[in-house]
Amino acid sequence: MKRKINLKRKCATVLIKLLTGTGKIIINGKNIHDYMQNNPRKAPLSLLESEKNYDVIIKCLGGGLSGQAEAIKLALSRALYKLVEIPNQQILKENGFLTRNSLCKERRKYGLKKARKAPQFSKR
């Protein structure tokens, strides 16, 4: 089986290829532990207890590590949702793995120092 999913989170874009295999997870040509700095978030696979059943090849662009990690988690969840049977789909839904977090950085407005921070008021 082969499944491709492309998703975004913050400024990060992720393309995932899910293949039946032995449990290898490769991100941009590196091992998951090297790329995610020993903080891997492969929660959908461990939740369904299918870490050894699939090989995952991931290509990440843009954003930081946290945005990429969340995009990977969502893309992996959606790919698994289409492959697994109905009881496992319910497990993914109940644990909130299929919901996209649409929060991103608010833009800076003119006249302000940041998105909402105004310059200091001077009475005199």
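Helices (H or I, at least four residues) and strands (E, at least two) are DSSP runs, numbered from the N terminus. The model is predicted: local features need pLDDT of at least 70 and side-chain atom pairs count only at pLDDT 80 or more, whereas totals for chains, interfaces and linings use all residues. Residues are numbered from 1 along each chain as its sequence is written, and side-chain values use heavy atoms, with hydrogens and water left out.

Q: What makes up the secondary structure of the chain?
A: The chain has four helices and five strands, in the sequence order β-β-β-β-α-α-β-α-α.

Q: Why is the chain called more spread out than a compact globule?
A: The radius of gyration is taken over C-alpha atoms, and the globule rule is 2.2 Å times the number of residues to the power 0.38. For 124 residues the rule gives 14 Å, and the chain has 19 Å, well over that value, so the chain is more spread out than a compact globule. Along the principal axes, the C-alpha atoms fill a box of roughly 70 × 30 × 20 Å.

Q: Why is Arg116 called exposed?
A: Buried means under 20% relative accessible area, exposed over 50%, and partly exposed in between (1.4 Å probe, protein chains only). Arg116 has a relative accessible area of 68%, and is therefore exposed. Arg116 is found in the segment after α4. Its C-alpha atom is separated by 22 Å from that of Gly67, 49 residues apart along the chain.

Q: What share of the chain is buried?
A: Buried residues make up 32% of the 124 residues.

Q: How do you know that the buried residues of α4 lie on the same side?
A: The buried residues of α4 (residues 86-94) are Asn88, Gln89 and Leu92. They cover an arc of only 105° around the axis, which puts them on the same side of α4; the arc is that of the directions from the helix axis to the C-beta atoms. An α-helix has 3.6 residues a turn, so residues three or four places apart point the same way.

Q: What covers this buried side, and which exposed residues are on the face turned away from it?
A: The cover of the buried residues includes α2 (43-47) and α3 (65-83), where contact means heavy atoms within 4.5 Å. The face turned away carries the exposed residues Ile86, Pro87 and Glu94.
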